[in-house]
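Subject: Structure handover

Hello,

Here is the structure to look through. Please open it first, then read the notes below it.

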Amino acid sequence: MSWGTELWDQFDNLEKHTQWGIDILEKYIKFVKERTEIELSYAKQLRNLSKKYQPKKNSKEEEEYKYTSCKAFISTLNEMNDYAGQHEVISENMASQIIVDLARYVQELKQERKLNFHDGRKAQQHIESCWKQLESSKRRFERDCKEADRAQQYFEKMDADINVTKADVEKARQQAQIRHQMAEDSKADYSSILQKFNHEQHEYYHTHIPNIFQKIQEMEERRIVRIGDSMKTYAEVDRQVIPIIGKCLDGIVKAAESIDQKNDSQLVIEAYKSGFEPPGDIEFEDYSQPMKRTVSDNSLSNSRGEGKPDLKFGGKSKGKLWPFIKKNKGATPEDFSNLPPEQRRKKLQQKVDELNKEIQKEMDQRDAITKMKDVYLKNPQMGDPASLDHKLAEVSQNIEKLRLETQKFEAWLAEVEGRLPARSEQMRRQSGLYDSQNPPAVNNCAQDRESPDGSYTEEQSQESEVKVLATDFDDEFDDEEPLPAIGTCKALYTFEGQNEGTISVVEGETLYVIEEDKGDGWTRIRRNEDEEGYVPTSYVEVYLDKNAKDS
């Protein structure tokens, strides 16, 4: 089966067919290109979708993703991001392995086709030229033969005419001979050209055209094979990412299987547990008793006198009504005292962790500045070491402030966890909320007024009476004998004691120590019999008496 023998006379149709083949190849390239664009668009949409549903950093939504179901959803979003990446790989591989390769091949194919058909047209033009030459020699031979016949007839006519001179007859005879010779020459030329044409024609139809058409056939078959290989590559590119896509889907399944409903339920408990006990039964208050007694001024006054504290302080049952009392909204206290115990502990722990991270960050910065200063000391040409002193002092001051802040929150945390129950009064001094809290003597009243989140809901008249009791308690506290001095201390820095229970000191001042640091970062000192209070331990240098240490 050869185009050269079977299609020897279909030059134009072969030219059209091979052009159609190139058009098909270019159409396939366009198809693959649009597929790559679809893959890229799909991957982009998947990435945007995954990004859209990712929790925002440092937001409340991010805190909600501690549940296993939410973590599984995050894993699904991440797997979808990887899934999108595989579609990008499909697009890239199709572009590099199919589009670029076929585009280059199409250019080579066009060039090869152009050369083959150029050779075919050249052979065509040559045989047409030989045919024209043959036709020309044939017509010339025919014309010379006709001229020779006319010249012979004219000679014979002249020779038969008796009136014609002998010279004219001789002239006619010579002319006839010349025409006859020309006809013979034309015949010989025609015969030679005819033989040459037949040879060229044989070569054209049996050698040149078959060879050219064979090349065109091979070119076309290579194009067909190439487009088939490209289709295989098209499928293989998809097949290569199937295992990875399968892993992405397996990851989604694994994330779904990791969901633990019991764990999520426990997290809900940890998130919202208040730490309070459920309210008990409400006691029956019998208002009919005074009506049954004899009506008298004494009984009425006694009933009013006895009823008053019952209404205001007999409220153990009333204090347990907190789930049904509307909570007041206001600014969040620094020590999170508005929260239930369990939630307050979590918030304080979180705050301590944050402060420790900030301290570590500042310490790293201090170490870096110290190293830089050492470098400047060893190599003065690199910089002035004194220029870093201000920055070093500033960082050290920040560390000290953060440590004081950490100690304060650690003390509150210890109070909540029950490690320092006796230090509640001192912590109130630190927080500056001493006036808003109540001493132990009126704890029952405070419970009456405080809901689990620390909100106060009693009326103003009740609050004023509680303050009266608190004042009485403070008077009793002031009557206690002062604590003995256990040593002295020297103020390293100036401290302005603005909160209740603190005392101001000036740098270099010497004072008496009456209570050393219990682990909360505060030392109790005295200036004279009337002035005493707490100062940060880091602000003073303490010298304890040996006798005090021994005791």
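Y53 sits in the loop between helices α2 (11-52) and α3 (60-64). The model is a predicted one. Together with L49 and F73, Y53 makes a nonpolar surface patch of about 270 Å².

Nonpolar side chains in soluble globular proteins tend to be buried together. The largest nonpolar core here has 41 residues. Those that touch the most other members are L25, Y28, V32, M94, I98, F213 and I216. Helices α2, α4 (68-160) and α5 (166-257) are the elements that each give two or more residues to this core. The largest share comes from α4, with 16 residues.

Next, the charged pairs. Side chains of opposite charge can pair when their charged atoms come close.

- E135 and R139 form a salt bridge with an N to O distance of 3.9 Å. Both residues are in helix α4, 4 residues apart, which is about one turn of the helix. E135 is partly exposed at 21% relative accessibility, and R139 is partly exposed at 48%.
- R173 and E170 form a salt bridge in which the closest N and O atoms are 2.1 Å apart. The two residues are 3 apart in helix α5, so about one helical turn separates them. R173 counts as partly exposed at 28% relative accessibility, as does E170 with a relative accessible area of 32%.
- K373 and D389 meet in a salt bridge of 2.6 Å, N to O. K373 belongs to helix α10 (residues 341-378) and D389 to helix α11 (residues 389-417), so this pair ties together parts that are 16 residues apart in sequence. K373 is partly exposed, with a relative accessible area of 22%, and D389 is partly exposed at 35% relative accessibility.

There is also a network of salt bridges that links E515, R524, R526 and E532.

Last, the sheet. In what order do the 5 strands of the open sheet lie? The order is β4-β3-β2-β1-β5, with antiparallel pairing. The edge strands, β4 (532-536) and β5 (540-544), each pair on one side only. From one strand to the next, the twist averages 40°. Strand β3 (residues 522-526) runs antiparallel to β4 and is joined to it by 5 bridges. The bridge partner of I525 is G533, in β4.

Regards

Note on methods: Residues are numbered from 1 along each chain as its sequence is written. This is a predicted model: local features need pLDDT of at least 70, side-chain atom pairs count only at pLDDT 80 or more; totals for chains, interfaces and linings use all residues. Side-chain values use heavy atoms; hydrogens and water are left out. Two strands pair if DSSP finds at least two bridges between them. Axes are lines fitted to C-alpha atoms, for helices over the stretch in contact, and angles run from 0 to 180 degrees between N-to-C directions. Patches are made of residues with over 30% relative accessible area and no salt bridge: like charges are joined within 9 Å, nonpolar side chains (Val, Leu, Ile, Met, Phe, Trp, Tyr) within 5 Å. Accessible areas come from the Shrake-Rupley method with a 1.4 Å probe; for residues, only the protein chains shown count as cover. A salt bridge is a side-chain nitrogen of Lys or Arg within 4 Å of a carboxyl oxygen of Asp or Glu. A nonpolar core is a set of buried Ala, Val, Leu, Ile, Met, Phe, Trp, Tyr and Cys residues joined through side-chain atoms within 4.5 Å. Buried means under 20% relative accessible area, exposed over 50%, partly exposed in between (1.4 Å probe, protein chains only).
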